[in-house]
Amino acid sequence: MKEKVKVKEKFNWPVTVLLIIGLITIIFPLYMTIVIAFKQPSEMTNSVSGILSLPRHWSLENFKEAMRVTDFWRSLFNSLMITAVTVVLSVVLHSMIGYAVGRNKARNKKYNLVYMYVISGMFVPFAILMMPLVKQTAKLGIANVVGVILCYVVFYMPMNLMLYSGYLVNIPVALEEAARIDGATTFRTFWKVIFPIMKPMHATVAVITALSVWNDVMTPLVIMSGSGMNTLPLAQMTFQTQFGTNYNLAFASYLLALLPILIFYIVCQKQILNGVVNGAVK
Amino acid sequence: MKKMNNRERTFALMTIPILILFFVFNTLPLIQGFIYSFTNFKGYGSYNWVGLRNYADLFTDGRVGNSYWFTIKLALVTTVVVNVISLILAIGLNSKIKFKSALRGMYFVPNILGALVVGYIFNYFFTYIIPAVINMMGGEGTSILASTKWAWVGIMIVCAWQAIAMNTIIYISGLQTVPEDVYEAGSIDGATGWTQFRHLTFPLIVPFFSINMVLCVKNFLMVFDQIMALTKGGPAQSTESISYLIYNNGMSGGQFGFQSANAVLFFIIIVVFSVTQLTITGKKEEQL
């Protein structure tokens, strides 16, 4: 009898239902954002139903206005560029130092020291670097996207070095020796043999670096605030005063800021989830 | 022999330039921050050496003390809340449910969104929606963000909303490492429900628990975006996090030197927290 019930109950429905109900906590803020973004200020009364009912007309006016006010395309371009360049530089440079350090740290004290030195950077909070970095980037003439990108490449180096040199343990040295016997230089061996093999780790590094850079506010806020340039999240802060009490305009802008990453997530959900888990667990 | 030298040289060439970059944008500013902490630098103009005075002042400055109390309270409470909810959620999402991958995908969404924008959205939620709901039910609705007593709860909710997504995914990957036959063996010995979790599941996922603890405490101690979006440190400086105070007073408040000392203290606290946590959880793992 018991056996029969077990076969019948393939799915745990009570838990499924509870989890679906729990989704309200995720969906409600997003629903609220969408509804408010499409409404006109005149439709917003002080009652809950006034705020949360569906808009009478699904008009794109708020979005057009928000794009104009926040210079959306330019902020989007800056965010995309900063993220893309940081990811490419991180994958190339961090895998390179990861390879050099990872292959040598077991037998060479110097490389082990380099490893410890860079990894300890993980404990340094941005708050302590922030003020000197502002001075320094200004002095070097890179208080702009360049400075922000260089900072990112350095900030994510400890984490990525750990991931890459950890991954290297799984790659047999014999592969490199074979390439060396064929006459390849060490750099060529890295670029033609090791770099392609590290592909799964590149995906992890790219995902976690991209997510953190895309959503980061503090670094561009302190370093490039004088340059008149915005990233997508930074623009939301910069234009708070211009939104004023026009929350419909503000929410249209917020939705525009969230949209790129939401689309990215829908398209490559699996890679993002894998990347985030790998990055945290390894 | 010559070939070996070439190899060594290539490795050095791969390492040194990147290392210099790291030094310039990490170690150098760290040293500078440390040096500034012994001055009365305002961020501009000339300055004098003041020795350890900034450090002595840190311990008598009410605003600094408040920010430490607020930040540590927020970090600890949020860490507990997040880990309890994440663990329950992960067990649910790891059981035999329908729409498993869709549900997992949905519950992860908060984590990919930018904290600042999420903060602005919740700001509206706390300021208008919640009071309107209370009014509807006949109460006198006010925003919790305007209350010196409760504003931190609002910040905690927003921090938790995003962190739960991340921690749940990590717990799920932990639960997947527990082999099915462990439960089978356990159920023969009569371990079900809470006993099963307490004595079988949890010990096996302790490594994932420690990852989550370290991630949580470190991220929440550095909380900034949520403060910026929700309260800007108010009301009456009751929600000023350490990072926010350093940013606010150091960058534009003319306290470059003093806040550098604050940042050094903050750095030490982060290191102490992380190292203690790692050794405690490291020991626990060894015992298993």
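This is a predicted model: local features need pLDDT of at least 70, side-chain atom pairs count only at pLDDT 80 or more; totals for chains, interfaces and linings use all residues.
**View 1. Chain A as a whole.** Chain A holds 18 helices and zero strands. Its radius of gyration is 24 Å, well over the 19 Å that the globule rule gives for 282 residues, so chain A is more spread out than a compact globule. A box of roughly 75 × 75 × 35 Å, taken along the principal axes, is filled by the C-alpha atoms of chain A. Buried residues account for 44% of the 282 residues of chain A. Take the contacts in chain A between residues at least 6 apart in sequence: 78% of them join residues at least 24 apart.

**View 2. The two domains of chain A.** Domain 1 covers residues 13-52 of chain A, and domain 2 covers 72-280. Their C-alpha centres are 34 Å apart. Eight residues from domain 1 of chain A and seven residues from domain 2 of chain A make up the contact. On the domain 1 side of chain A, the touching residues are five nonpolar, two polar and one charged.

**View 3. Helix H13 of chain A.** H13(A) spans residues 199-215 and has 17 residues. From first C-alpha to last, H13(A) reaches 24 Å, close to the 24 Å expected at 1.5 Å a residue. Buried residues in H13(A) include Met201(A), His202(A), Thr204(A) and Val205(A). Further along H13(A), Val207(A), Ile208(A), Thr209(A) and Leu211(A) are buried. Val213(A), Trp214(A) and Asn215(A) in H13(A) are buried too.

**View 4. Chain B as a whole.** Chain B has 12 helices and zero strands. Along the sequence its pattern is α-α-α-α-α-α-α-α-α-α-α-α. The radius of gyration of chain B is 24 Å, well over the 19 Å given by the globule rule for 288 residues, so chain B is more spread out than a compact globule. The C-alpha atoms of chain B fill a box of roughly 85 × 75 × 35 Å along the principal axes. Of the 288 residues in chain B, 41% are buried. For contacts in chain B between residues at least 6 apart in sequence, 72% join residues at least 24 apart.

**View 5. Where chain A touches chain B.** The contact takes 66 residues from chain A and 71 residues from chain B. Helix H8 of chain A, residues 126-139, gives the most to the chain A side, with eight residues. The chain A side divides into 52 nonpolar residues, 13 polar and one charged.

**View 6. Leu21(B) and its partners.** Leu21(B) sits in helix H1 of chain B, residues 2-36. Leu21(B) has 17 C-beta neighbours inside 10 Å, so this residue counts as partly exposed. Setting aside neighbours within four places in sequence, Leu21(B) contacts Val153(A) and Val154(A).

**View 7. The largest nonpolar core.** This core has 157 residues. Cys151(A), Tyr254(A), Val117(B), Ile155(B) and Ile169(B) touch the most other members. Helix H6 of chain B, residues 151-175, gives the most to the core, with 16 residues. Domain 1 (13-52) and domain 2 (72-280) of chain A both give residues to this core, so the core lies between them.

**View 8. Contacts of Val117(B).** Not counting residues up to four places away in sequence, Val117(B) touches Pro233(A), Gln236(A), Tyr254(A), Ala257(A) and Leu258(A). Tyr254(A) and Val117(B) are both among the core residues that touch the most other members.

**View 9. Helix H7 of chain B and the glycine after it.** H7(B) covers residues 180-188 and is hardly covered. The count of buried residues among its nine residues is zero. Gly190(B) follows H7(B) and has a positive phi, near 85 degrees.

**View 10. The loop between H10 and H11 of chain B.** Most residues other than glycine have a negative phi, and most peptide bonds are trans. The bond from Gly234(B) to Pro235(B) is cis, with omega near -10 degrees. Pro235(B) lies in the loop between helix H10 (225-230) and helix H11 (242-252) of chain B. Ala236(B) is in the loop between H10 and H11 of chain B, and its phi is positive, near 55 degrees. Ala236(B) has 10 other C-beta atoms within 10 Å, so Ala236(B) is exposed. Gln237(B) is also placed in the loop between H10 and H11 of chain B. The phi of Gln237(B) is positive, near 60 degrees. With 18 other C-beta atoms within 10 Å, Gln237(B) is partly exposed.

Definitions and conventions. Residues are numbered from 1 along each chain as its sequence is written. Chains are lettered from A and ligands numbered from 1 in the order in which they are written. Domain bounds come from an automatic or database domain assignment. Two residues are in contact if their C-beta atoms, placed from the backbone, lie within 7 Å. Ala, Val, Leu, Ile, Met, Phe, Trp, Tyr, Cys and Pro count as nonpolar, Asp, Glu, Lys and Arg as charged, and the others, Gly among them, as polar. Helices (H or I, at least four residues) and strands (E, at least two) are DSSP runs, numbered from the N terminus. The radius of gyration is taken over C-alpha atoms; the globule rule is 2.2 Å times the number of residues to the power 0.38. A residue is buried if 20 or more other C-beta atoms lie within 10 Å of its own, exposed if 12 or fewer, and partly exposed in between; C-beta atoms are placed from the backbone. The expected span of a helix is 1.5 Å times one less than its number of residues. A nonpolar core is a set of buried Ala, Val, Leu, Ile, Met, Phe, Trp, Tyr and Cys residues joined through C-beta atoms within 7 Å.
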